[in-house]
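Visitor: I am new to reading protein structures. Could you walk me through a few features?
Guide: Gladly, let us look together.

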Amino acid sequence: YLPATLSIGAITVDLVHYGNLTIEYLSFASLVADVATGTISLSAADRTIGDVLLVSRGGDISVKVDACASIQVTLFDHADASVTAGDVAGTFAIVTNGVDHEVLAYSTVAAVVSLSGSDADVELREIYAPDIRIEVVSSRVLYVNGDTAYAYDSVTVVEMDSDITLRGVPDDSNG
């Protein structure tokens with residue numbers, strides 16, 4: 001445990017073979033974590049954290065933060081993620097590489113939302129941004145928002161061999 005008044009700049013963690021990483025109640029300017037097979041758990045309530053870049057290689061990522069500068073979750077073969085990012089000042093990005101990913105992201109407001117990759121089953125619920133970009137191959141994406149009056153600037157979807165469902169966003173053909 002570290003004192004709450006401690007100022008932390010950049011944190012970098014690489015767990016190459018196997019490992020679990022848990023970060024709770026810590027403020028920092030940036031976090032870069034690359035974990036093989038294990039679990040990454042990031043929790044930050046009642047504070048704003050900096051830029052977050054999390055990479056899982058065959059493991060799991062769990063994020064529950066109230067506010068951050070930006071966040072990118074990158075998944076490699078068989079990695080899964082559950083993300084609540086709260087208020088994101090910049091980009092909220094999810095990248096899936098390889099095969100067999102399950103992603104649930106919810107309760108996030110960002111400047112830009114970006115989803116890209118392949119072979120993923122993705123649910124984005126109550127994720128708001130003026131600029132939304134989805135580019136996927138062989139994936140299933142469910143994007144559901146309850147506020148149909150939200151002021152979107154652009155929603156771009158590029159897909160190949162994928163099943164995309166949008167609800168509560170412009171040009172909603174699914175009700």
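Visitor: Which residue lies over the face of Phe-76?
Guide: A charge sits over a ring if NZ of Lys or CZ of Arg is within 6 Å of the ring centre and within 35 degrees of the ring normal. Here Arg-57 takes that place, at 4.4 Å from the ring centre of Phe-76. A word on the source: this is a predicted model, where local features need pLDDT of at least 70 and side-chain atom pairs count only at pLDDT 80 or more, while totals for chains, interfaces and linings use all residues. Residues are numbered from 1 along each chain as its sequence is written, and side-chain values use heavy atoms, with hydrogens and water left out.

Visitor: How many aromatic pairs does a search of the whole structure find?
Guide: A pair of aromatic rings is described by the distance of the centres and the angle of the planes. Rings of Phe, Tyr and Trp (its six-membered ring) pair if their centres lie within 6.5 Å; planes under 30 degrees apart count as stacked, over 60 as edge-to-face and the rest as tilted. The search finds two pairs. Tyr-128 and Tyr-150 have ring centres 5.1 Å apart and planes at 45°, so this pair is tilted. It links distant parts of the chain, 22 residues apart: Tyr-128 is in strand β9 (residues 120–128), and Tyr-150 is in the loop between β11 (140–144) and β12 (154–160). Tyr-150 also forms an edge-to-face pair with Tyr-152, at 4.9 Å centre to centre and 65° between the planes.

Visitor: Is Tyr-128 buried or exposed?
Guide: Buried means under 20% relative accessible area, exposed over 50%, and partly exposed in between (1.4 Å probe, protein chains only). Tyr-128 counts as buried because its relative accessibility is 9%. Tyr-152, at 13%, is buried too, whereas Tyr-150, at 24%, is partly exposed.

Visitor: Where is Val-32, and what is it in contact with?
Guide: Strands (E, at least two residues) are DSSP runs, as are helices (H or I, at least four), numbered from the N terminus. Val-32 belongs to strand β3 (residues 30–36). Contact means heavy atoms within 4.5 Å. Apart from neighbours within four places in sequence, Val-32 is in contact with Ile-11, Thr-12, Val-13 and Leu-53.

Visitor: How many helices and strands does the chain have?
Guide: The chain has zero helices and 13 strands.
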